Amino acid sequence: MANPPFAWAAGIENTFIPQTRPGLRALDEYDLAQHYDLWRGDLDRVAGLGITHLRWGVPWYRVQPAPDRWDWRWVDAVLDTMVTSKGLEPVLDLMHYGTPLWLEDSFLNGDYPERVADYALAFAERYRDLVRYYTPLNEPTVNAHFSGRAAVWPPYLEGDDGYVRVLMQLVRGMGRTARALRAARPDVVFVQVEALGWSWTSAPQLEARVAADREDEFLAFDLFTGRVDPAHPLWPFLETHGVRAAELEELQAASLPEGPPGSLILGTNLYPWSGGEWVLDAGGAARRVGELRGEHLADVLRGAWRRYGLPVMVTETSARRDIAGRAAWMDATIAAVRTVQAEGVPVCGYTWFPAFSMIDWDYRTGAGPLGEYLLHLGLWDADFDEDGVLQRHPTPLVERYRAHIRGAGE
């Protein structure tokens, strides 16, 4: 299989959790990082990299502030500039976590799958000439963890029962979203993004734990693509936590509709903290230690290709390191992509994400001032000036990424 055209991309962090409660602050990255006001400059900067694609998301809670009301004005302006003026192809995050404030119980609302599909259809019909590449829902596994297991995001469930309940609702919504998008634009390409990782062990008694890690990472994608039945390795887990065979049959019937070759891409999100080595401590308990190296991305891409036989794209990667550390990660991960491409793995893109400093998710659970939560993962570092404007400052990584895009990386 020939490698598809390669997309060099960047991304703008677009997590939206607008709901608050005591001890939990709203987490809207566009608001906190001032993208709502500074978007023109942000688009100028990323377009100047020479990228072809931009991962960017829509704040559903803002464009649909009430069940019967829509406000597209800001999105209209940004997408027109992005596509028409800057020549960037959006890879559109329809759902980067949160739901509108009016949707009671968030993902557990019985109408959620229908509501999110209605939103997707309204968006796709409005922007059918501007957007072809869609992510129905970003990182469903992470979403289900924070919403269903860790009780940090709505609907604030805890434990494995909550995790499974939320995950099943997310996947129902993803299936309906995919069908709505294909109805609006038959040539749609789905870039379904998953938070993947890589674990290993030298302890034979922990090999099952490593295998379980990999199955967990792929469960949402397996559900979305109708690959889960009672023979699936994680069916006992699902059944234990309340899923019945009839639900799987219903989910398979409403899962991602089959499309032409190349219309489904598996997006891979990988960071240094996305894995490590499983070891036994002195007390005999299993724990994971260390971080990934950039070259581990090659193992992840190979594994995804072997499992699904689908084109893969690096949809997020960066490192919580200083400039030199980020540069080393960039070089190593791009080298990993080139390595597996030479082996015949159809890697169709690479995304540095985010392009700019973002606000650490710890802001939601914290109490300190916003400046304490700046997280520098990007090509541009940011800080607040004396007027409270979050100024973006180019680092040497900007030119380094340009050089890679030009094919002259060091």
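Entry 1: I began with Ala-33, which counts as buried because its relative accessibility is 9% (buried means under 20% relative accessible area, exposed over 50%, partly exposed in between, with a 1.4 Å probe and protein chains only). I was working from a predicted model, where local features need pLDDT of at least 70, side-chain atom pairs count only at pLDDT 80 or more, and totals for chains, interfaces and linings use all residues. I also noted that residues are numbered from 1 along each chain as its sequence is written, and that side-chain values use heavy atoms, with hydrogens and water left out.

I found Ala-33 in the loop between helix H1 (29-32) and helix H2 (35-47); helices (H or I, at least four residues) and strands (E, at least two) are DSSP runs, numbered from the N terminus. Leaving aside neighbours within four places in sequence, Ala-33 is in contact with Ile-359, Leu-390 and Arg-392 (contact means heavy atoms within 4.5 Å). I also checked Asp-383: it is 350 residues from Ala-33 along the chain, yet their C-alpha atoms are separated by 9.8 Å.

Entry 2: I turned to strand E16 (residues 380-384) and strand E17 (residues 390-394), which pair in the antiparallel sense over 5 bridges; two strands pair if DSSP finds at least two bridges between them. Arg-392, already noted as a contact of Ala-33, is the bridge partner of Ala-382. The hairpin has 5 residues between the strands, and Gly-388 there takes a positive phi near 80 degrees.

**Entry 3: two helix pairs.** Two packed helices are described by the angle between their axes and the distance between the axes. I took H2 first: its axis and that of helix H4 (residues 73-85) come within 10 Å and cross at roughly 10 degrees. Axes are lines fitted to C-alpha atoms, for helices over the stretch in contact, and angles run from 0 to 180 degrees between N-to-C directions. H2 and H4 are therefore roughly parallel to each other (angles under 35 degrees count as roughly parallel, over 145 as roughly antiparallel, 65 to 115 as roughly perpendicular and the rest as oblique). From H2, His-35, Tyr-36, Trp-39, Arg-40 and Leu-43 meet Trp-74, Ala-77, Val-78, Thr-81 and Met-82 of H4. By class, I have 7 nonpolar, 2 polar and 1 charged residues in this contact; Ala, Val, Leu, Ile, Met, Phe, Trp, Tyr, Cys and Pro count as nonpolar, Asp, Glu, Lys and Arg as charged, and the others, Gly among them, as polar.

Next came helix H6 (residues 140-149) and helix H7 (residues 159-184), whose axes come within 8 Å and cross at roughly 135 degrees. That angle makes H6 oblique to H7. Residues making the contact include Pro-140, His-145 and Arg-149 of H6, and Tyr-163, Leu-167 and Met-174 of H7. The contact residues divide into 7 nonpolar, 7 polar and 2 charged.

**Entry 4: between H6 and H7.** Is Pro-154 buried or exposed? Pro-154 counts as buried, at 8% relative accessibility, and I located it in the loop between H6 and H7. Beyond four places in sequence, its contacts are Ile-17, Gln-19, Ser-106, Phe-107, Ser-147 and Arg-364. Pro-154 and Trp-200 are 46 residues apart in sequence and 33 Å apart in space, C-alpha to C-alpha.

**Entry 5: the sheets.** How do the strands of the closed barrel run? I traced 8 strands with parallel pairing, in the order E1-E4-E5-E6-E7-E9-E12-E13. Neighbouring strands of this sheet are turned by 30 degrees against each other on average, direction ignored.

I then followed an open sheet of 3 strands, E8-E10-E11, with mixed pairing. Its edge strands are strand E8 (198-201) and strand E11 (286-289), each pairing on one side only. E8 and strand E10 (residues 275-280) pair in the parallel sense over 4 bridges, and Trp-198 has Gly-275 as its bridge partner. Helix H8 (residues 207-224) lies across E8, E10 and E11, running at about 170 degrees to E8.
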